[in-house]
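Here is a short tour of a model for you to follow on screen. Keep your viewer open and pick out the residues as they come up.

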Amino acid sequence: MNEADGSYGLLSQTSTIAETRNERLQRHLPVFASLQWLRAGWRDLANRPAQSLAYGLGVFLVSVSLVWLLAYFGLDYILFPALAGFMIVAPVLAIGLYEKSRALEEGKSITLGRMVRSKPRAGAQVYFAGVMLCLLMLLWMRAAVLIYALFFGVKPFPGLDHIIELLLTQPIGWAMLFVGTLVGSLFASFAFAISVFSIPMLLDRSTDAMTAMGTSMALVWNNFIPMVVWGLILVALFGVSVATGLLGLIVIFPLLGHATWHSYRVVSRPEE
């Protein structure tokens, strides 16, 4: 067969969704497998809870400090996008919690200092992945500002009190919420797909960031329904944290961090 006779599936063929799936990456998980991961995460949190809660307290203090700085420097107009963007970089912040779960899994003792100074087997690749996630968060924040400008024009931010009233009581506010939520969901879905397994993988294996992110996305796609449920649970529990003035992060962040490690162990296990 010469080159002219070959079909490359670009113009003459259309791939179906089934053709994008890989049987080797499908774990055939129950829809609510994430509840098992949460239970396992809670066991890790309850094992020497002071370490996990101290870690969560640190994340809470850093988050509150950043919120205060945004308000102090008059950047409150990016507060909501920044809170949403927190979920994009959260997997990197949780790496110490993955370290604790791995140590408990191996029957080893661990200290808070080791959690904070964890050494990923992938070395600097985890920081490269972290930079990419930070850039994605900045891109989302810029997109959020542009969406606001498209609906309300280039005018000074009216303040948190006024903007909340405007968003909830005016049709233009409802429209902006709809568009912002739609665009934000796209960013969040992409960030979730490339990071949910890649950051634990970079801690656990000697690989590069791009391979880890690509593998993470493939695993999410091939286990789509259970991972959608897991993503919704993450969003719901983060919403609880925000509703409590971020105080909920002290417990919820360690719980989700430990649970994410167990989801990685179940879904992203090395091929035999």
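Is Tyr264 buried or exposed? Tyr264 is buried, because its relative accessibility is 1%; buried means under 20% relative accessible area, exposed over 50%, and partly exposed in between (1.4 Å probe, protein chains only).

Before going on, a word on the source: this is a predicted model, in which local features need pLDDT of at least 70 and side-chain atom pairs count only at pLDDT 80 or more, while totals for chains, interfaces and linings use all residues. Residues are numbered from 1 along each chain as its sequence is written, and side-chain values use heavy atoms, with hydrogens and water left out.

**Aromatic pairs**

The structure holds 9 aromatic pairs. Rings of Phe, Tyr and Trp (its six-membered ring) pair if their centres lie within 6.5 Å; planes under 30 degrees apart count as stacked, over 60 as edge-to-face and the rest as tilted. One of the pairs is Trp140 with Phe187, tilted at 50° between the planes and 5.7 Å centre to centre. Trp140 belongs to helix H6 and Phe187 to helix H8, so this pair ties together parts 47 residues apart in sequence. Trp140 counts as buried at 8% relative accessibility, and Phe187 counts as buried at 17%. Tyr264 has a ring partner too: its centre is 5.2 Å from that of Trp261 and the planes are at 50°, so the pair is tilted. Both residues lie in helix H12, 3 residues apart, about one turn of the helix. Trp261 is buried, with a relative accessible area of 0%. Helices here are DSSP runs (H or I, at least four residues), numbered from the N terminus.

**A salt-bridge network**

A salt bridge is a side-chain nitrogen of Lys or Arg within 4 Å of a carboxyl oxygen of Asp or Glu.

| Pair | N to O distance |
|---|---|
| Arg265 and Glu105 | 2.7 Å |
| Asp204 and Arg121 | 3.7 Å |
| Asp204 and Arg265 | 3.0 Å |

Salt bridges that share partners join Glu99, Arg102, Glu105, Arg114, Arg121, Asp204 and Arg265 into one network. How accessible are its members? Asp204 is buried, with a relative accessible area of 8%, whereas Arg121 counts as partly exposed at 47% relative accessibility. Arg265 is partly exposed at 27%, and Glu105 is partly exposed at 40%.

**Helix H11**

Helix H11 has 20 residues (224-243), and at 1.5 Å a residue it should span 28 Å; its end C-alpha atoms are 28 Å apart, which agrees. The expected span is 1.5 Å times one less than the number of residues. Among the buried residues of H11 are Met227, Trp230, Leu234 and Phe238. The buried residues of H11 pack against helices H1, H3, H8, H10 and H12, with contact meaning heavy atoms within 4.5 Å. Just after H11, Gly245 takes a positive phi of about 70°.

**Back to aromatics**

Trp68, Tyr72 and Phe73 form one aromatic cluster. Leu75 is found in the loop between helix H2 (49-72) and H3, and Leu75 counts as partly exposed at 31% relative accessibility.

Technical notes:
Helix = DSSP H or I, 4+ residues; strand = E, 2+ residues; numbered from the N terminus.
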